[in-house]
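Dear colleague,

I am passing on the structure we spoke about, and my notes on it follow directly below. Please read them with the model open beside you.

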Amino acid sequence: MKLAYDQSKCTGCAVCASVCSFRLKGLVHPGGTRIKFAYVSPTDSHVIYCRQCENAPCALACPQGAIQKDGKTSAWVVDAEKCVGCGLCLEACPYGAIRLDTESGKADKCDLCQGDPACVKHCLAQALTVQD
Amino acid sequence: MLKYGGYCGRFLRVDLTAKKITTEELTEEFVKKYVGCNGFGAAILYNELPARIDPFSAANKVVVATGPLTGTVVPCTPKVGFFTKSPLTGGFMDSYAGGHFGAELKFAGFDGVIIEGASEAPTWLYIEDGQAELRDASKLWGLSVPETEAAVRRDLNNDAVHVASIGPAGEQLVRFSCVMVDMSHAAGRGGVGAVLGSKKLKAIAVYGRKNPIPVADPEAVLALAEKIYQHIQETPSLATGMPKYGTTGALKANQTSGILGTRNWQSETFEHASSIDGDACLRELFEKNLACFQCPLRCTHFSRIKEGKYAGTTTIGPQYETMYSLGSVCGLTDIKAVAKANEYCNAMGLDTISAGVTVAFAMELYERGILSYEELGGLDLTFGNDEGLLAALESIVARRGIYKLLGEGTKRAAEVLGRETYKYAINVKGLELAGHSVRGYKGMSLGYATSTRGGSHQDMRHIPERAGLFDRRDPSGKAQLNYDITSTTTIRDTLNYCAMIEDVVGRVGITEKHAEMVNAVTGLNLSVNEVQQLADRIWNLERAFNVREGMSRKDDVLPYRFMHEPIPEGPSEGMYCPPEELEKMKDELYEIRGWTRDGIPSRDKLLELGLDQVAEELWP
């Protein structure tokens with residue numbers, strides 16, 4: 001599975017990013033989310049999100065083999081044990097969808113909430129959906 | 001470091017005279033006593049403003065404040081409050097806007113901003129992650145709201161900033177100028193924009209990425225958020241009504257009950273309602289849903305006028321209040337013209353409610369022959385003439401001829417014009433009335449008359465009466481209803497959730513749900529009784545502010561029309577609020593509130609609420 005985003009339905013509420021950061025750390029933090037909200041103007045907003053690419057450039061770029069495909073969700077998941085925080089995955093991602101966690105220094109990315117993405121669940125406008 | 005959740009723990013203080021910016025820590029005592037937005041604003045203004053100052057003098061202040069819910073995961077909590085001594089009413093004014101500004105201010109590390117003094121040259125304030133600076137606004141002065149936002153974004157080279165700004169109306173001290181947040185969300189009422197104009201503060205821009213907002217009990221907050229989501233999804237009016245119509249559905253509802261302000265409230269049924277209602281918006285205007293920060297309701301709409309003489313105009317909205325004020329109350333029969341006027345007011349920074357009601361006042365004076373075509377500068381202000389309305393709005397902003405006086409609001413205009421024009425001035429305490437009938441709801445009669453702000457629909461709410469939960473035709477019990485509802489709206493504005501989700505925690509009376517909400521986020525552990533006390537403390541403080549300005553029972557009055565002219569036709573025909581009925585309801589309310597017969601909070605009540613300093617001042 002992977003996320004799908006229809007910008008024409010996006011209302012610019014940023015709920016996706018808020019619930020993402022809240023799920024991670026128990027607080028809302030626009031600087032600490034896996035799905036990022038990009039406000040362009042009052043009538044135009046976007047989200048920056050992981051496409052769970054077929055041949056994921058992030059995984060290919062990782063010298064530690066720390067980004068592995070989850071068998072159940074087919075999401076690319078960071079193994080924090082293996083990650084050394086080199087940041088090569090960030091540079092490799094064409095969508096800007098990976099971050100380095102400010103506290104751990106490790107790479108961090110969307111894991112589709114283990115199959116039940118909070119951002120999709122809370123996007124009542126259905127701009128974000130799950131695609132098989 | 002404050003031990004409670006939901007706060008940054010700091011306010012910015014910006015002295016525009018000295019060009020000095022300082023940071024102040026919120027004390028535990030202050031937070032416990034006032035909790036948030038409305039409470040903070042009331043406390044700071046009461047404590048820091050001397051009595052009887054000119055609202056346009058450097059002595060006045062503008063407090064910008066958020067609540068503990070702002071910037072949390074709790075849905076529908078985008079609001080930011082602006083507080084000042086109103087140039088329109090001369091009393092306490094609080095006005096709230098949605099958008100992203102409030103949350104962004106907290107992500108930048110501040111619960112609020114106190115703006116004081118006055119700058120000689122135009123200036124704007126930039127706040128980013130714990131830092132703030134004043135910048136030169138000489139090139140921004142004179143620009144419309146969208147132009148100002150664009151210039152600020154360009155200057156910062158950052159599209160993601162959120163901006164609160166004033167337009168030319170605020171610069172020109174039109175007394176009903178608003179502050180526009182993210183271009184389309186107005187802190188509309190009472191002239192906060194004009195006060196910023198008098199201080200030469202054109203805009204405030206915020207950007208925050210480094211200050212996440214901790215909450216006291218993340219699990220309880222998440223559970224609360226999920227409960228609100230569930231409520232929304234199970235409530236058709238929220239789940240499907242809001243995205244489809246936003247607030248515009250109210251026009252048809254009010255028309256159906258015969259309580260839609262029409263042609264300066266000469267009537268309350270509008271024969272052209274169907275051409276300016278929510279369905280007309282769907283047909284003619286709405287293109288896309290928009291939403292405030294953290295709001296799944298998406299009640300806002302991006303509109304484009306597709307055909308006719310205003311083709312090509314885009315605007316965000318209109319919302320119900322504007323469809324009333326720039327629509328039915330001015331007799332307009334084309335929703336596209338309403339949208340055009342909405343776009344103009346938003347760009348200039350005019351409160352659409354006061355602006356429309358003021359033009360409607362002039363329209364009635366014109367039709368009655370009290371103001372001539374010449375006196376009106378050669379404008380045909382016949383009800384329904386959209387071009388006349390637009391030209392009048394433009395003349396108000398330009399402060400041209402008689403429109404300079406109209407830009408002072410209907411109360412001042414009627415005083416200067418004389419000729420019994422007060423009979424047609426639709427305001428309470430100087431604030432023009434919102435689009436919910438005084439005559440058609442007994443609760444609203446009392447609510448408008450006694451609201452601290454004046455003619456606002458956000459203290460007393462009409463919805464429980466419109467829904468039939470209380471008999472809108474019967475004055476008995478309305479004092480208690482007023483007390484119960486204004487208590488919840490005060491808490492709403494203090495925690496800062498949107499009026500659209502009032503139902504989730506309840507509109508009538510403080511309950512366990514309000515306490516749960518505040519406690520999950522803050523950890524203040526307030527009991528239901530303490531939340532009630534908080535509401536009482538804030539409301540009494542606002543009232544005391546007005547008392548200190550010389551207001552009392554005599555100012556708790558309604559526009560002449562609503563006390564003397566019954567609704568002439570339609571489903572609510574015959575309803576009005578004669579003075580003796582109003583006075584009786586006031587007696588009952590004052591007693592419930594612990595006020596004297598003159599409407600002054602008693603010494604005992606103030607002491608009971610911990611407002612000792614106020615008690616000393618009002619009862620020396």
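I begin with a pair in chain B: the side chains of Glu104(B) and Arg209(B) meet in a salt bridge, with 3.0 Å from N to O (a salt bridge being a side-chain nitrogen of Lys or Arg within 4 Å of a carboxyl oxygen of Asp or Glu). Glu104(B) belongs to helix H3 (residues 101–107) and Arg209(B) to the loop between strand S12 (201–207) and helix H7 (218–234), so the pair ties together parts of chain B that are 105 residues apart in sequence. Helices (H or I, at least four residues) and strands (E, at least two) are DSSP runs, numbered from the N terminus. Glu104(B) is buried at a relative accessible area of 5%, whereas Arg209(B), at 22%, is partly exposed; buried means under 20% relative accessible area, exposed over 50%, and partly exposed in between, with a 1.4 Å probe and protein chains only.

Before going further, please note that this is a predicted model, in which local features need pLDDT of at least 70 and side-chain atom pairs count only at pLDDT 80 or more, while totals for chains, interfaces and linings use all residues. Residues are numbered from 1 along each chain as its sequence is written, chains are lettered from A and ligands numbered from 1 in the order in which they are written, and side-chain values use heavy atoms, with hydrogens and water left out.

Over all chains, the count comes to 59 salt bridges. Another of them joins Glu387(B) and Lys309(B), at 2.8 Å from N to O, and it links helix H14 (residues 386–398) with the loop between strands S14 (300–304) and S15 (314–316) of chain B, 78 residues apart. Here Glu387(B) is partly exposed, with a relative accessible area of 48%, and Lys309(B) counts as exposed at 55%. Glu583(B) and Arg553(B) also form a salt bridge, their closest N and O atoms being 3.0 Å apart; in this pair Arg553(B) is buried at 11% and Glu583(B) partly exposed at 27%.

Helix H21 (residues 512–522) of chain B has 8 buried residues out of 11, so it is largely enclosed by the rest of the structure. Among the buried ones are His514(B), Met517(B) and Asn519(B), and the buried residues pack against H7, helix H19 (478–496), helix H20 (502–505) and H22 of chain B. After H21(B) comes Gly523(B), with a positive phi near 75°.

In chain A, Thr33(A) sits in the loop between helix H1 (15–25) and strand S2 (36–41), where it is buried with a relative accessible area of 2%. A polar atom of the Thr33(A) side chain lies 2.6 Å from the backbone oxygen of Ile35(A). Apart from neighbours within four places in sequence, Thr33(A) is in contact (heavy atoms within 4.5 Å) with Ala17(A), Cys20(A), Ser21(A) and Arg99(A).

With best regards

Technical notes:
A polar contact is a pair of N or O atoms within 3.5 Å; within protein, one must be able to donate a hydrogen and the other to accept it, and residues adjacent in sequence count only if both atoms are side-chain atoms.
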